[in-house]
Amino acid sequence: MEKENKGRIVMAVSNDLLTDQRVERHRRALTEAGYTVVVLGRGDVPTRHVRGWRFYLELNRGLRRRVAAERPDIVWANDTDTLPGCWWAVKRLTLGPTPSREGRRGKRKVKLAMDAHELFPEVPEIQHKPFVKWVWRTVERWLMPQCDALLTVCDSIAEHYRLHLGVSMTVVRNLSSLTPGPSPVGEGSGYPLHSTPLSNRRGAGGEAVLLYQGKVNVGRGVDWAIDALEWLPECRLVVAGDGDLLEEMKAYAAAKPWRDRISFTGRLMPAELHDLTPQADVGLVMLEDLGLSYHYALPNRIGDFIQAGVPMVVSDLPEMSAVVKRYGVGEVMKMPHPPTPSPIGEEGKALAQAVERVLAREWTDADFEAARRDMDWNKEKQLLIKIANELCSTTSL
């Protein structure tokens, strides 16, 4: 029997969608729940510019048209940078006459949801651009209270917006799901179980694999990981991802005597990451404390490492360290905080010491059981579906 279509949801995002695992998880969960979900990325909205204020202006103008043309019941803005265009489309659909589901012309209430993946006005790239920060803060102050539902990735960000904007947000964490057996290539929905202790998972020559996965951008600690190999002669580093600093980090690594123990894969698709991640001995999740967006971050890869059975080293920042300390799934790297600069290489040495503590233990799947049980996307997605159901039940005027 064909599943009943609950409604039509259009999601908007400013990236190219290829590696956005959170949006893909949301799309899949809502589709399985009976919704028709259309995701619009930057490739669906042609722009002449690729960055800067002209890009965002063109993107949001394009989203207004494209989103409205899809005739959704719910418009879902991912992050602050897509919110103006989504809000504009909702106003256009709600205030103007549109065909109802029965074929009659009349108004209907299109709902607006916004998912804050991060504190967008606090990302490191704009910390020294006060006018740009003011613009995005103004967008949030004006538009977020007008949303019918607000979501975010962790409690700290939700509390920040509650205090500063007086809005209530539902926390839907960035988690993975556990899939026993072979890696689900092509689906990217879960990870295979390990039964082998970490000490027996090392590659040829007994080298332990340190894995960094994610954007190679400012403040992500890739340079720390490169430096750390000076004190870790039996380890090799794999950097899986691309970003603004990729070429700079390649050059930085090439200048090191241990450059032969560093590999850069470039951008990988989610299914490729799901094959690579369980092969690591230690997962690296480092962020510099460069503004509140990083300070409160709970990166997607923490859930990935937990479900893959890979112990990790994380920065001493509140959301990340809380997970590691609560479930005992790795080590917290003590690091200097701005504005006091540290000697060159000091962070690498601190990271190496944390990695050594991880490698000194013998890890099995039992060490990750509690974290996997509590931090499973199959549980978390019920919050997402509940929000969609509540919104769609009130779309008719």
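**Close-up views of a predicted model**

View 1. A12 stands opposite A77 in β3. The model is predicted: local features need pLDDT of at least 70 and side-chain atom pairs count only at pLDDT 80 or more, while totals for chains, interfaces and linings use all residues. Residues are numbered from 1 along each chain as its sequence is written, and side-chain values use heavy atoms, with hydrogens and water left out. Strands (E, at least two residues) and helices (H or I, at least four) are DSSP runs, numbered from the N terminus. Two strands pair if DSSP finds at least two bridges between them. β1 and β3 pair in the parallel sense over four bridges. Six bridges join β1 to strand β2 (residues 35-40), also parallel, and V10 stands opposite V38 in β2. Five of the six residues of β1 (residues 7-12) are buried, so the strand is largely enclosed by the rest of the structure. Buried means under 20% relative accessible area, exposed over 50%, and partly exposed in between (1.4 Å probe, protein chains only).

View 2. Among the buried residues of α2 are F55, E58, L59 and R64. R71, in the loop between α2 and β3 (74-78), has a positive phi of about 50° although it is not a glycine. R71 is partly exposed, with a relative accessible area of 42%.

View 3. D79 is found in the loop between β3 and α3 (83-95). D79 is not a glycine, yet its phi is positive, about 75°. At 10% relative accessibility, D79 counts as buried.

**View 4. Aromatic pairs.** A search of the whole structure finds six aromatic pairs. Rings of Phe, Tyr and Trp (its six-membered ring) pair if their centres lie within 6.5 Å; planes under 30 degrees apart count as stacked, over 60 as edge-to-face and the rest as tilted. The rings of Y56 and W136 have centres 5.2 Å apart and planes at 80°, so this pair is edge-to-face. Y56 lies in helix α2 and W136 in helix α4 (residues 130-143), 80 residues apart. Y56 is partly exposed at 24%, whereas W136 is buried at 9%. The rings of W363 and F368, with centres 5.9 Å apart and planes at 35°, form a tilted pair.
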